Amino acid sequence: MIVTVASISLLSACNPADTAKQANQEVQTPMTASISDAPLWLEEVEGEQALAKVTNWNKRTLDKLTSDPRFSQYQQAALNIVNATDKIPYGTYRNDMVYNFWQDENHVRGVLRQTSLAEYSKAQPEWQTLLDIDALSAAEGKNWVFSGTTCAESDYNLCMVSLSDGGKDAVEMREWDRASKSFVDKGFYLPEAKTALSWSSPDSLHVGTNWGDGMLTDSGYPYVIKQLQRGQSLDEAVTVFSGNKTDVGVFPYALKHQDQQLNMVVRAITFYESEYYWLPENGDPVQLPIPNTSSINGIFKGQLILSLKQDWTPDGSATSFKSGDLVSFDIQNWLQNNKIGAVQLVYQPDERATLDGVAITASKLVLNLLENVVNNIYVYDFKDSNWQHSKLALPDNSTMSVSSANDDSDIIFVNQENFVSQDTLYQVNVSNADIVAIKSTPARFDAADLVVQQYFASSTDGEKIPYFVVHKQGITLDGSNPTLQYAYGGFEVSMKPSYSGILGKNWLEQGGVYVLANIRGGGEYGPAWHQAGLKTKRQVIFDDMIAVAEDIIAKKITSPEHLGVMGGSNGGLLMGVMYTQRPDLWNAVVCQVPLLDMLRYHTLLAGASWVGEFGSPDIPEERAFLEKISPLHNIDPQGEYPAIFFVTSTKDDRVHPAHARKMAYMLEQYGHNFEYYENIDGGHSAAANLQETAKRSALEYTFLSQQLMK
C-alpha cells in the first residue's frame, strides 16, 4: 500500500462546455496522432461521461474473460479459499480475550467476535459475536466495510468503530461499547472523513478530521487536532494543535508511560519527515528533539524506543548512530528536563539486514528482523541500564510477523509462512520463551513437487538484486514456462515469501512459475535500499525490475512470449513503466490500482503526500524526470506493446481511478489493445468483500493464462 493513514478526495471540477468540446475532439482525433493528454472529465469520479466509458470498457473485458472456461474454474477455486471456514481466525489478544474479524460466504461483510485465550487455542473455538456488519448494512441499507476499531486504553470497552462506504479510506466513526455489544446512545460520532483520533481519556478524544472549508492539507488529511469532550458537538471542540496546510497531515496518538498516558501528535511535514509533540495537560505542545526522519516505536521500561532513517549524533553526545539503528533514551529525563540525555544502541543491522517490526509486551521488547529476506524474532530486555537479547526458537527460513502484542501481557501471536508451507500461528510467552503452535491453515494447493530458489540479478549499476523463483520440480529450461513476475519497489515496503492459496491453486498448480523481485525502493535491506530510488533516482528501481526479467530469461526459465508482470498501487506505476520502457520483455501486464499520470498525480486525492517518494511536478528538475518516466506521457502511438489489463476501483479514494482511466483512454485513441475492469466498490484494494476478491483474481489469472499459457 502507498499510505498508512487515511485521506479525503479532492477532485477537479470540469466546465460542462469544456467537457462537450473534449468529447467532440475525442471522435475527431486520428488514432495515429500524438495526443498531449487525456481529458480531465475522466477525473470526475462518478461523472456521467467517465462512468459511461468505464461501463463500456468493463463490458468488453468481462465478456472476453468470463466466457473463457478457465474463469469459472479460477473463480470457484478462489471462492473456496477466501470463504473457507478452516482458515486461521487471526486475533488480537487483550484483557484475557481474543478478538477476531471474520468473513466467509455466510458473513460477506463480516462479524467482529471474541473468545477466551483458552478457547482460542482449541481447534473449534466457541465465538461470541460482538458486531455483525452484514446485519448493520442490511438495517441501514448501506454497503459498510469494517475498517477497524480504536479503543480506550482504560478498560478497552469503549471503542470508536470505523465504517467505510464501499471500501473507501474515508470512514464514519461511531462510539461502541464492547461490554453491551451496542453503539453508545448519544455517544461520540464523527461523520465520513479521513479521520485520525486518539482517546485522551474515557470521556474525551483528540481528533483530526475535516473541520470545514480549508481545514485539510493539500494531501487531503487533517492538520488541526481538537479535543472533543463527551456531549460536545464538533463545533464545540477545542484546538490543541495546528500544523500547516502544506503538511501531509497531523495525527494524534498516545504513549503509555508507567501509570500515565502521554498524549502525542505527529506532524507529518512530508511523507518521510515528521515532528513529534507531547501535549501536556497544561501548557503548550512540546517538541521532541529527535531527527525528523525517525519513528517512535513506544516506551519500554522508561526507555523511548526510536528507529532511525538517517545518521544521528544527539545534541551534547560524542556518540553517533547510523541510519537503520534502533536506539533508546530515558523518557522521564526528557519530560522533566526537556533534554534527552544519554542515547543507547538497541540494535544495529548489517548491510543485508533490517528492522522489520517492533512490539512491546509487559516485560519484553520484541524485534522482528529481516535478515537476507528471512525473518527472525528476538526478545530484548533492559536490565542494569543495558540491553540484552535472545533469539526465539521459531522455524528458520520463513516469513514471520507478530500478529498480536500489547504492553499488558507477555502473550504474543506469531504467524509463520513461506511460498509452499501454509500459515502456522504460534502462541508465544516471551517472558519464558514458551512457544506453542496453536493453529495452521490446511493446504490450499498441491505443493509437494514445488521448489523455491533465490537468485541475484546484476542491475545496471552492478547492485545485486535478490529474487525468488517458485516452480514445479524438473521444469524444462527451454524458455517455454509461463511465468508471472511480481514486485512493488517503493515506500520501504518489503516483499517477503508468503503463502497464497489463490496463487498456488490458480497459477502454480497450473504449471506457472512465480517470481518475486526484491527490487530497490523496498525495505528489504533497510533505509538505504529504499532511499536509493527516491525521486530523480527512481530509474534504478525500474532497472532492477528489468534486470530480474532479463536474468530469468537468460536462465531459460521463461521467455518474453511467456513472461507476465503484475503490481499494484506504487507497483502499478512500476507496471506502467515496464509497459512503456521495455514492452519487448513481456507478453502480459496486470496493472492494479495504479499511478500512471505522474504530472498530475500530486493534484489527485492523497497524491500530494507522495512527493517525498516520487518528486514534485512543480520543481523543474523533478518534473523533467517525471516526464521521462510517466507512463501516460510515454506511449508511442506507433509502438508495439504487450497485452495490458488495468484493474481499479471507483471507490478508491487513495489512488484516483483516473490514472487507469486516462491510460486506457490514450491507448484506445492510439489503437492499442487493453483490458479494463473498474470495480464500483472496493477502495484501494479494488475489492469490497471476499466475493469481489475472488472475481478480481479470477479475471487476472484468466487474462494471464490467455496470454502466457500458449
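This is a predicted model: local features need pLDDT of at least 70, side-chain atom pairs count only at pLDDT 80 or more; totals for chains, interfaces and linings use all residues.
1. R174 lies over the face of F183, at 5.3 Å from the ring centre.

2. Aromatic pairs come next. A pair of aromatic rings is described by the distance of the centres and the angle of the planes. The structure holds 29 such pairs. One of them joins F271 and F491 in an edge-to-face arrangement, with 5.1 Å from centre to centre and 75° between the planes. F271 belongs to the loop between β15 (260-268) and β16 (274-278), while F491 belongs to the loop between β32 (483-486) and α7 (501-508), so the pair ties together parts that are 220 residues apart in sequence.

3. The two partners differ in cover. F271 has a relative accessible area of 24% and is therefore partly exposed, the class between 20% and 50%. F491 is buried, because its relative accessible area of 8% is under the 20% limit.

4. A further pair is made by F645 and F703. Their ring centres are 5.4 Å apart and their planes stand at 55°, so this pair is tilted. Distant parts of the chain are linked by the pair: F645 is in strand β36 (residues 643-649) and F703 in helix α14 (residues 690-708), 58 residues apart. F645 and F703 are both buried.

5. F271 and F491 also belong to one aromatic cluster, together with Y272, Y601 and F614.

6. The structure holds one cavity of 30 Å³ or more, and about 30 Å³ of space lies in the largest cavity. L503 and L508 are among its lining residues, along with F419, V470, S498, S500 and Y514. By class, this lining has five nonpolar and two polar residues, and no charged ones.

7. The second largest pocket contains about 370 Å³ of space. Its lining is made of 14 residues, and H206, N263, L279, P280 and E281 lie nearest its centre. β15 gives the largest share of this lining, four residues. Sorted by class, the lining has six nonpolar, seven polar and one charged residues.

8. The last point concerns Y347, in strand β21 (residues 343-347). The relative accessibility of Y347 is 8%, so the residue counts as buried. With neighbours within four places in sequence set aside, Y347 is in contact with D325, L326, A353, T354, L355, L367, L369 and Y380. For L369, the separation from Y347 is 22 residues in sequence and 9.9 Å in space, C-alpha to C-alpha.

Conventions
Residues are numbered from 1 along each chain as its sequence is written. Side-chain values use heavy atoms; hydrogens and water are left out. Rings of Phe, Tyr and Trp (its six-membered ring) pair if their centres lie within 6.5 Å; planes under 30 degrees apart count as stacked, over 60 as edge-to-face and the rest as tilted. Helices (H or I, at least four residues) and strands (E, at least two) are DSSP runs, numbered from the N terminus. Buried means under 20% relative accessible area, exposed over 50%, partly exposed in between (1.4 Å probe, protein chains only). A charge sits over a ring if NZ of Lys or CZ of Arg is within 6 Å of the ring centre and within 35 degrees of the ring normal. On a 1 Å grid over the protein atoms alone, a cavity is a set of points where a 1.4 Å probe fits but cannot get out, and a pocket is an open set with protein on both sides within 12 Å along at least five of seven lines; lining residues have an atom within 4 Å of a point. Grid points are joined across faces, edges and corners, and a volume is the space filled by probe spheres set on the points. Ala, Val, Leu, Ile, Met, Phe, Trp, Tyr, Cys and Pro count as nonpolar, Asp, Glu, Lys and Arg as charged, and the others, Gly among them, as polar. Contact means heavy atoms within 4.5 Å.
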